[in-house]
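Work through the exercises below with the structure open. Try each task before reading its solution.

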Amino acid sequence: MSVFDQWKDTRFFRFVQVTGLTFQLMTLFERILLRHNYLAGAHMTFCLVGTRETIPSDFSQEPGEDDKHWRDPVKEAFYFSDKNRYRINCTDPNIKISYDFVIGNLDESACLTIIKDLGTKLGLAYNHQSTPRCFNYNTDVFPRKQFLAGRR
């Protein structure tokens, strides 16, 4: 599964794949720790290395609120103009986001809350001041079909 792509001189990270993979890893580690009767606190650090001058891509394409979907910079040619590319470029060399949580309290809803916060913070790193674009347009619904299709 690829969370990074490059086309000519444009490098981009795939939001749905990054957040979906993070969700899967959280679930895997939760199950491993629960199997060993560990219910206490845990710390997760999400790191995305090499983000400076990258753009985001792979926004949710499944319909959301009012049957709308996000406009994806890779699929929309006008985003590749110099003026627009500058606005969505990440200026941070790396993105690092940390979370503390209790394994015994980490159900699907708690994981989803963390993933939504992660999506929001990733979006802010790319100057998006909207709901996370790795979820269906203006919803809390993660595009599982799109994520699974992108894994192939």
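The structure holds one cavity of 30 Å³ or more. This is a predicted model, in which local features need pLDDT of at least 70 and side-chain atom pairs count only at pLDDT 80 or more, while totals for chains, interfaces and linings use all residues. Residues are numbered from 1 along each chain as its sequence is written, and side-chain values use heavy atoms, with hydrogens and water left out.

**Exercise 1.** Describe the largest cavity and its lining.

Step 1. On a 1 Å grid over the protein atoms alone, a cavity is a set of points where a 1.4 Å probe fits but cannot get out; a pocket is an open set with protein on both sides within 12 Å along at least five of seven lines; lining residues have an atom within 4 Å of a point. Points are joined across faces, edges and corners, and a volume is the space filled by probe spheres set on them.

Step 2. The volume of the largest cavity is about 40 Å³.

Step 3. Its lining includes Phe15, Gly119, His128 and Arg133. Helix H3 (residues 108-125) gives the most to this lining, with three residues; helices (H or I, at least four residues) and strands (E, at least two) are DSSP runs, numbered from the N terminus.

**Exercise 2.** Find which element gives the most to the lining of the largest pocket.

Step 1. The largest pocket holds about 200 Å³ of space. It is lined by 13 residues, and Leu25, Met26, Phe29, Met44 and Phe101 are the closest to its centre.

Step 2. Helix H1 (15-35) and strand S3 (41-49) each supply at least two lining residues. H1 gives the most, with six.

**Exercise 3.** Identify the residues that touch the most other members of the largest nonpolar core.

Step 1. A nonpolar core is a set of buried Ala, Val, Leu, Ile, Met, Phe, Trp, Tyr and Cys residues joined through side-chain atoms within 4.5 Å. Buried means under 20% relative accessible area, exposed over 50%, partly exposed in between (1.4 Å probe, protein chains only).

Step 2. Among the 31 residues of this core, Ile95, Phe101 and Leu122 touch the most other members. H3 provides the largest share, six residues.
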